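Me: I would like to learn how to read a structure like this one. Could we take it feature by feature?

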Amino acid sequence: MILAAGEEYNPVMPHVAEIIIGLIAFLLLLWVLRKFVVPRFEKLYEERTAKIEGGIEKAEKAQAEAEQALEQYKAQLAEARSEAAKIRDDARLEAETIKAELRAEAEQEASRIVAQGEAQLQQQRAQLVAELRADLGRNSVALASRIVGESLEDEARRRGTVDRFLTELDAGADGAGARN
Amino acid sequence: MGALVLAAGDEFTPPTAEAFNLPPIFGWVTKPMLLIVLSVVLIIGFFLLSSRKLSVVPGKGQFLVESFYDFGRNNIAREQIGSKDFLRFLPLILGLFSFVLVNNLFGIVPILQFPTMSHIGFPLALSVLVVYPVYHYAGIRRHGLGGYLKHQLVPPGAPKAVYILLTPIEFFTKFIMNPLTLAIRVFAAMFAGHLLIMLFGISAEFLLLHGDGITKIFSVFSFGGALAITFIEVLIMSIQAFIFALLSANYIGAALADEH
């Protein structure tokens, strides 16, 4: 191998000075890393982990809340629906009752009116009959007295004649009514 | 490269180990010593400045720093030591990784242009004086002296007769070879790499200056070779730093492990 001036250089033999300087330099580096750098990074990682975990937790909570709210809304909606159906049913039922009541009332009113009318008719008829009877009596008597010339002032006789005539008339009318 | 002086004549002198014997810059201070100090200043500055204002949501710059930190933390330390204990050793692993990486990369930085780890004293300081005591101390504290020796030297599961052979081998590996191979691995890689780059660079220069006629053209190939080797060196420098930190973490993890 090529020689140099003075001693020959052997690369495998370490220089003591280099070992000492290398060691001191590295220990200094190690001290700085241990004291400052690694704690800073580890603190950052812890913060990051905490933040991510916190974020996940928060998201989970929010989701749970949202689900709960959804459930609640669904329940409320179902409740509202069933209530609406119930109200509709009730309304229908009530409408029917009202209709029936109205009908019954109307029927009652109608029959009342009919009955009243009938009663009125009966009354009027009776009145007419009575009036006619009196008129007829008087007219008959007047006519008869005029025809017969005979005074029928006599109370007893007049009554008897008229009554007989009326009875016959009634019988005739009744008989005709029955026959119809 | 500047350290190597070309022969004055037409004779080509390849770079040798002597190229690593750098003269002191002043007093007894040599270039590698200055580089070691520079690397520590750079790494400390980088980490302190970048970790000054860390935010939970990282920006672009912080993302890069975090990627580097995470690589040392998760891919090396936690993977090898286990999530229970790795935080205690994280500064050490992170320091080894960044320290070796930066000092290796000095080999391709213009002007600096010297991989500090190609002087064996530096990797030896790390492996023999830092990693070696740390993993044995951690193991002894975890298992007690006797428990630790048994744990390291008598791995369970082998037939009894095998231990006659196995225990000395385990002792040789774990108490003698591990720190040495750890240091020699990165030293040899950096030494050879630097030598290769020098060889290509010097031959390119020699061909260009001293080649006659057509041989000057071959200087281009030599120069191209130097470039290619430089790129490969970047890869090797990174891998060696990674391996150094990984194996250190692995030794610690093995010393702490409950079962073999």
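Me: What share of the residues in chain A is buried?

Reply: A residue is buried if 20 or more other C-beta atoms lie within 10 Å of its own, exposed if 12 or fewer, and partly exposed in between, with C-beta atoms placed from the backbone. In chain A, 7% of the 180 residues are buried. This is a predicted model, in which local features need pLDDT of at least 70 and side-chain atom pairs count only at pLDDT 80 or more, while totals for chains, interfaces and linings use all residues. Residues are numbered from 1 along each chain as its sequence is written, and chains are lettered from A and ligands numbered from 1 in the order in which they are written.

Me: How many helices and strands does chain A have?

Reply: Helices (H or I, at least four residues) and strands (E, at least two) are DSSP runs, numbered from the N terminus. Chain A has two helices and zero strands.

Me: How many residues of chain B are in contact with chain A?

Reply: Two residues are in contact if their C-beta atoms, placed from the backbone, lie within 7 Å. By that rule 36 residues of chain B are in contact with 32 residues of chain A. On the chain B side, α1 (31-50), α3 (86-105) and α4 (121-143) each supply at least two residues. The most come from α1(B), with nine residues.

Me: What is the largest nonpolar core made of?

Reply: In soluble globular proteins, nonpolar side chains tend to be buried together. A nonpolar core is a set of buried Ala, Val, Leu, Ile, Met, Phe, Trp, Tyr and Cys residues joined through C-beta atoms within 7 Å. The largest one here has 61 residues, of which B:Ile93, B:Leu96, B:Phe97, B:Val100 and B:Ile252 touch the most other members. Its largest share, twelve residues, comes from α3(B). A second, separate core has nine residues, including B:Met198 and B:Phe206.

Me: Which residues is B:Val100 in contact with, leaving aside its neighbours within four places in sequence?

Reply: They are B:Met117, B:Val186, B:Gln240, B:Ala241 and B:Phe244.

Me: At what angle do α6(B) and α7(B) pack?

Reply: Two packed helices are described by the angle between their axes and the distance between the axes. Axes are lines fitted to C-alpha atoms, for helices over the stretch in contact, and angles run from 0 to 180 degrees between N-to-C directions. For α6(B) and α7(B) the angle is about 170 degrees, and the axes are 9 Å apart. Angles under 35 degrees count as roughly parallel, over 145 as roughly antiparallel, 65 to 115 as roughly perpendicular and the rest as oblique. The two helices α6(B) and α7(B) are therefore roughly antiparallel to each other.
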